[in-house]
Amino acid sequence: MLNFLGKRLLATLPVLLVVAIAVFMIIRLTPGDPAAIIGGDSATTEDLNRIRMQLGLTEPLWTQFAIWARGVITGDFGFSYFLNKPVSTLILQRMEPTLCLAAGTLLMAVLISLPLGTLSAWRMGGWLDRIVMGFSVTGFSVPVFVIGYILIYVFALELRWFPVQGYSRIADGIGPWAIKLLLPCLTLAVTYVALLSRVTRAAVSEALTEDYIRTARAKGVTEWTVLGHHALRNAAVPVVTVIGMSAAMLMGGVVVTETVFAIPGLGQLTVDAVLSRDFPVLQGVVLFFALVYVLLNLLVDLSYLILDPRIRY
Amino acid sequence: MKKTMLRTLISAGVMAMAGLAASPAIAQADAQSTLRIVPTTNITVLDPIWTTAYASRNFGYMVYDTLFGTDAEGNIKPQMVDTWTVSDDRKTWTFKLRAGLEFSDGTPVTGEDVVSSIKRWASRDSFGGLMAKSVDAYEAPDANTFVIKLNEPFGMVLEALGKPSSNVLFIMPKRLADTPGDTQLKEVVGSGPYLFNADEFRPGERVVFVKNPKYKPRSDQPSGTAGAKNVYTNRVEWVIIRDPQTAMNALLNGEVDIYEQPAFDQYPTLKANADIQLAEAVIAGSQFMLRFNFLQPPFDNEKVRRAAMLALGQDAILRTQVGSPELSKYCKSLFPCGTPYESQNTGDYTGIANPQKAKALLAEAGYKGEPVVLLRPTDNPTIGKLPLVAKQQLEQAGFKVDMQAMDWQSLVSRRARKDAPKAGGWSAFMTSWSASDILNPLTMAPMNATGEKGWFGWLEDAKLEEIKRKFAMAQTPEEKKKFAEEAQLRAVEVVSHVPVGQYSQPVAMRKNISGLLPSGAQIYWNIKKQ
């Protein structure tokens, strides 16, 4: 297993290199000039040339890449053109809200969807199954921002139970942190509950047709044990795969929710960097996301070893 | 074991609930001394001399003080300056600073600080640069005095020193002001009404200011950026919210006190809410305009530009972009209506679309049907619809229009390109200017007629530049008014740009907020929160 782990970690290096080159080139080929944004509306051509020179944008593209790549290898992701801070500091500052949002959503989604999916597989075709499947289709079809605005209208503006926007750091108290995070997590969770409950239902319903379930029932094992211990455990591999993929998607997919709830996370940082053409920040964030994707995939692969003893690497 | 776990869980739950329950009370106490504002844009640069960005200018007003201010009527009034004299030949200006002025680091404000600040500002600001051409020397004979010695009488010294919008002459300590203008400052030390709290600054999230205990306000009545800058709230937070809907919801829910610039379509909702009030914060509002590329066909031809000018009508443009008649205003003057140099003497520009006349002129100009590449910023709700109407109006006059959609940042980089429209250049773009930036011929960027070194579009016209020089040298208000009008007529003659209507975007505030001062920028002293 250690051999497998070492190989997989080594394999991330070429992936990250390809991502780094691709991102660097795509960003530079996209129209937009950070100098024009920094200079403001009254800036003249002379001003723009001066700013470009200060930012090193007049250097040949490969020189710019070499300078950046050399920095990344030594742990220096560069300096934001606009925010006057190192990229690594900005990523660290924005990591907490995004991680909390993603983890909270996933936790909420797993806690709701696993029982729902399992029960609807157990009573396939029944009223609960029809409700769950109906919710699945609806939850997956409605855009996240619509769900967000509806929840804000009901729970923030009408009932006044939650704030409309913002994020409170854990260090400032668990109460404010939880209160501000609940609506955004719920907004995102709707989609993931829809996805996970569908996948769980399919996996559990397949498991319920297996011989070992019939054997267990014949032995007089209770239905809860059949469902929880036998069916769900054996359906875990596809479910965990989707949870892993969802976690990876969530890390990069929280942009809309962060915008709707004004949460200063990595998604917002990415959007800001795109809009302002803050090349160093964009490069740093995308590289960070790529690393997270690779590591989450690795974690999913490793979890198979625990969930299914037949799997060996 | 189980009991211990249960106890731990209960304790954690109680603590969490206590936290939840306590938070509204804490928030209430905190809210009374904190003013929370959603600014128009995110602030990226903290050096208001290095950039002309409005957010940086507004930041400057929070933490720095100015020598002169501009009151609500457009008059230049002393701010850090106490008294001043001018020699009979009008070449030597001597200024005395108010006694007891201090920077936030505890050092006194001296004439030397002022001289260094003027030099740095003049190296970046076009108006300041123009004045600097007439300056022989700056002197600081004693701690409380500074002197400007001119080689010829410059009639706009006070207007330059008290310029209300970017770049504003903010006074910094000499050790910072000696930084070259093209190098960004790394430290914020001012003598203004607030202190910038660097520890709490989270770029893209919030900017925090606290009351500057060393600040000494004037005793005059506050007006615009002039007069007393009294601070009634101990703390000001700029909360960066990008989504307009979220910003409005936050205001409606009382999470923020002021929403600086709501979208046009949000005003009916805000107006209907009993907890919200709307107030004009920017004097005379802003002006929409269309700018040509003078280097490339078809707008390198003056007659073609004039035909475009005749084709454009303000009424349809304002109705489409702004919607509400209360927020929009027809104004044919190039200097915004309601400002000192407004003039209705605009030659053949009426602001009313005349497609027949435009068509005839276009034929006379020998227009060969070259496509007009009109840039449209789709992500900018304040100006995004302007090109849609302009395209239709230009086509009615016989132009062939190729409207290209892009985000605003792509537009600002595209407009810097001088290539032919077919090769990635452009023919025209539309934008808006805050009235305070286009008050006179010297500050109005589209009237920069210095060619390729000038503003995007690169108009070159020696006659306009000469009129501007005369305006700068004029000594009396009457003379200045005369030359401003001459400059306007010349700008219409060469069709430097087309103003396509004026508009305002009032600030939305909770009803418990009072004291907002209309000015040329967004300023947040004098505000009380009940």
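Reply: Start with confidence, chain A first. Among the elements of chain A, helix α7 (residues 144-158) has the highest mean pLDDT, 94. Helix α2 (residues 34-39) of chain A has the lowest, 77. This is a predicted model, so these scores state the predictor's confidence in each residue. Over the whole of chain A the average pLDDT is 87. At least 70 is reached by 96% of its residues.

Now the make-up of chain A. It has 14 helices and zero strands. Read along the sequence, the pattern is therefore one α after another: α-α-α-α-α-α-α-α-α-α-α-α-α-α. The C-alpha trace spans about 85 × 55 × 35 Å along its principal axes. Chain A has 313 residues, and 49% of them count as buried. Contacts reach along the chain as well. Take those in chain A between residues at least 6 apart in sequence: 74% of them join residues at least 24 apart.

Here is the part for the close look: a pair of helices in chain A. Helix α5 covers residues 87-122, and helix α13 covers residues 266-276. The two pack with their axes 7 Å apart, at an angle of about 130 degrees.

An α-helix has 3.6 residues a turn, so residues three or four places apart point the same way.

Another helix of chain A is worth a stop. In helix α3 (residues 45-55), the buried residues are A:Thr45, A:Asp47, A:Leu48, A:Arg50 and A:Ile51. Their cover includes α2 of chain A. That is the helix with the lowest mean pLDDT among the elements of chain A. Just after α3(A) comes A:Gly56, with a positive phi of about 80 degrees.

Next, the cores. The largest nonpolar core has 233 residues. Those with the most contacts inside it are B:Leu67, B:Ile118, B:Ile148 and B:Phe399. A second, separate core has six residues, among them A:Ala20, A:Phe24, A:Phe65 and A:Trp68. Look again at B:Phe399. Leaving out residues up to four places away in sequence, B:Phe399 touches B:Phe299, B:Val304, B:Ala307, B:Ala308, B:Leu362, B:Tyr367, B:Val372 and B:Leu394.

One is B:Ala55, in helix α2 (residues 54-63) of chain B. B:Ala55 counts as buried because its relative accessibility is 11%, and the cut-off is under 20%. Not counting residues up to four places away, B:Ala55 touches B:Thr41, B:Asn42, B:Ile43 and B:Trp238. The C-alpha atoms of B:Ala55 and B:Thr41 are separated by 6.5 Å, and the two residues are 14 apart along the chain.

The other landmark is B:Gly227, in the loop between β11 (206-211) and β12 (235-239) of chain B. Its relative accessibility is 4%, so B:Gly227 counts as buried. Leaving out residues up to four places away, B:Gly227 touches B:Gln79, B:Arg218, B:Asp220, B:Gln221 and B:Pro222. From B:Gly227 to B:Asp71 is 156 residues in sequence, but 7.7 Å in space, C-alpha to C-alpha.

Last, the backbone of chain B. The peptide bond from B:Ser166 to B:Asn167 is cis, with omega near -15 degrees. B:Asn167 sits in the loop between α5 (157-161) and β9 (170-171) of chain B. Another cis peptide bond joins B:Pro297 and B:Pro298, where omega is about 5 degrees. B:Pro298 belongs to the loop between β15 (286-292) and α9 (302-311) of chain B.

B:Arg90 has a phi of about 60 degrees, and B:Trp458 has one near 55 degrees. B:Arg90 is in the loop between β5 (81-86) and β6 (92-97) of chain B. B:Trp458 is in the loop between β19 (428-434) and α14 (462-473) of chain B. Buried or partly exposed? B:Arg90 is partly exposed, at a relative accessible area of 30%. B:Trp458 is buried, at 2%.

Definitions and conventions:
Residues numbered from 1 in each chain as written. Chains lettered and ligands numbered in written order. Predicted model: local features only at pLDDT ≥ 70, side-chain atom pairs only at ≥ 80, totals over all residues. Heavy atoms only, no water. Helix = DSSP H or I, 4+ residues; strand = E, 2+ residues; numbered from the N terminus. Buried < 20%, exposed > 50% of the residue type's maximum accessible area, 1.4 Å probe, protein only. Contact = heavy atoms within 4.5 Å. pLDDT = per-residue confidence, 0-100. Core = buried A, V, L, I, M, F, W, Y, C linked by side-chain atoms within 4.5 Å. Axes fitted to C-alpha atoms, helices over the stretch in contact; angles between N-to-C directions.
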